[in-house]
Amino acid sequence: MIFKRSERGTAPVEPVTLKILVAGGFGVGKTTLVGAVSEIKPLRTEETLSEAGRPVDDVDGVPGKHTTTVAMDFGRITLREDLVLYLFGTPGQDRFWFLWDELATGALGAVVLADTRRLEDCFAAVDYFERRSIPFVVGVNCFEGATRYPSDAVRHALDLDESTPVVLCDARGKESVKEVLIDVVEHAMAVGAAARQPVTT
């Protein structure tokens, strides 16, 4: 466990720990994102795609996809010595969505990872977090060869509120992913602060 000790040698302070979900469609890069930034060996629950699952596992647009997450991915990153994020990657296929409510319990916010070649695949994740009032950031994973669109164009296509951040990222890059996670924390804190403001008449 990581502790912060004051300059005068007083008792150590346990860091704040926050839970962040990483969601999105099948094959969008959730497992890659968690693995790129985690300071511990990520826990992964991947299984090989089988012929039995072919009717329900849509691999159109992800021809190199041979495995799928069947429960969750888990990683950890220390943003500051007094702030630790626990990352929970959700399964992307509909038949594993019964796990989402358990994973979402206690979450500060979420990253909805999107692929502009299959943008419709993240609609369900956006709807999930909107309906439960969980703050989220859309991270557009910039795959090689994919057309780059401005953030505003993606926001319009997803019919997002103007206050919902949309950021371009590379799920393989540690620094890129860190920036997305910082955006999630800042956005969630802003949403929480706004909710605590007294209503004026």
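Let's start with a close-up: a polar atom of the Asn141 side chain sits 3.1 Å from the backbone nitrogen of Ala171. This is a predicted model, where local features need pLDDT of at least 70 and side-chain atom pairs count only at pLDDT 80 or more, while totals for chains, interfaces and linings use all residues. Residues are numbered from 1 along each chain as its sequence is written, and side-chain values use heavy atoms, with hydrogens and water left out.

Back to Asn141. It is buried, at 7% relative accessible area (buried means under 20%, exposed over 50%, partly exposed in between, with a 1.4 Å probe and protein chains only). Leaving aside residues up to four places away in sequence, Asn141 touches Val28, Gly29, Leu113, Ala114, Cys169, Asp170 and Ala171 (a contact means heavy atoms within 4.5 Å).

Asn141 belongs to strand E7 (strands, E, are DSSP runs of at least two residues and helices, H or I, of at least four, numbered from the N terminus). E7 (residues 136-141) runs parallel to strand E8 (residues 166-169), joined by four bridges (strands pair if DSSP finds at least two bridges between them). To get from E7 to E8, the chain passes through helix H4 (residues 151-158) in a right-handed β-α-β crossover (right-handed means that, with the strands pointing away from the viewer, the path from the first strand over the helix to the second runs clockwise).

Now for strand E1 (residues 16-24): seven of its nine residues are buried, so E1 is largely enclosed by the rest of the structure. E1 pairs in the parallel sense with E5 (residues 83-89) over seven bridges, with Leu18 facing Leu85 as bridge partner. E1 also runs parallel to E6 (residues 109-114), through five bridges, and here Gly24 stands opposite Leu113.

Note on methods. A polar contact is a pair of N or O atoms within 3.5 Å; within protein, one must be able to donate a hydrogen and the other to accept it, and residues adjacent in sequence count only if both atoms are side-chain atoms.
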